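I am opening a notebook on a structure that is new to me, and I will write down what I look up in it.

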Amino acid sequence: MEPRFPDRNDGDDLIELLFFAYRDFVADPDRILAEYGFGRAHHRVLHFVDRYPGLTIAELLDILRITKQSLNRVLKDLIEQGYIAQRTGTNDRRQRLLFCTEAGIRFAEELSRVQMRRVARALVDQPGRGATDDPGEALASAQGFLLAMIEPEERATVRRLMARRTKAA
């Protein structure tokens, strides 16, 4: 049985709020990226390469679900401008492993900082939350909601990827 909202407008409101939240969530880094002549694809590549050093091209293609041609264009920009470096795989010389340079790490941190600020503010500023409410509970609730938005058969893959970052930290 498919879940339903009590009123269709409730579902429409939630969908619209997701659109507006995404618009504003990406607007902050978009302004920074524009100064460098980059777009959202550059941001996504930089984000994942920064969080998962040694990521292969194949892994990145699987995460981003973009064409190899699109990825190559974006990677070329980031490599030429000194934000990402490629290395040959140690076990398989056909593999290209991706790493952020020091400049890439700083750039990724700058982009993340504006988004983290927005997320932290949203977690604290939710209507009905008091100053004594546990922010960790709000974070866990938001993470649970977002994970539930991912296709059920993809959730384990996402969890494994994120666990990789947690272990590396």
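These entries go from the whole chain to one helix and then to the aromatic rings.

Before starting, I note that this is a predicted model, in which local features need pLDDT of at least 70, side-chain atom pairs count only at pLDDT 80 or more, and totals for chains, interfaces and linings use all residues. Residues are numbered from 1 along each chain as its sequence is written, and side-chain values use heavy atoms, with hydrogens and water left out.

Whole chain. I looked up the elements and found seven helices and three strands in the protein chain, where helices (H or I, at least four residues) and strands (E, at least two) are DSSP runs numbered from the N terminus. Their order from the N terminus is α-α-β-α-α-β-β-α-α-α. Of the 169 residues, 26% are buried, meaning under 20% relative accessible area, with exposed over 50% and partly exposed in between (1.4 Å probe, protein chains only).

Helix α2. Here I noted that H42, H43, V45, L46, F48, V49, D50 and R51 are buried.

Aromatic rings. My search of the whole structure gave seven aromatic pairs, counting rings of Phe, Tyr and Trp (its six-membered ring) with centres within 6.5 Å, and calling planes under 30 degrees apart stacked, over 60 edge-to-face and the rest tilted. One of them is Y36 with Y83, edge-to-face at 6.2 Å centre to centre and 80° between the planes. Y36 lies in helix α1 (residues 8-36) and Y83 in the loop between α4 (68-80) and β2 (84-88), so this pair ties together parts 47 residues apart in sequence. I also noted that Y36, F38, Y83 and F107 form one aromatic cluster.
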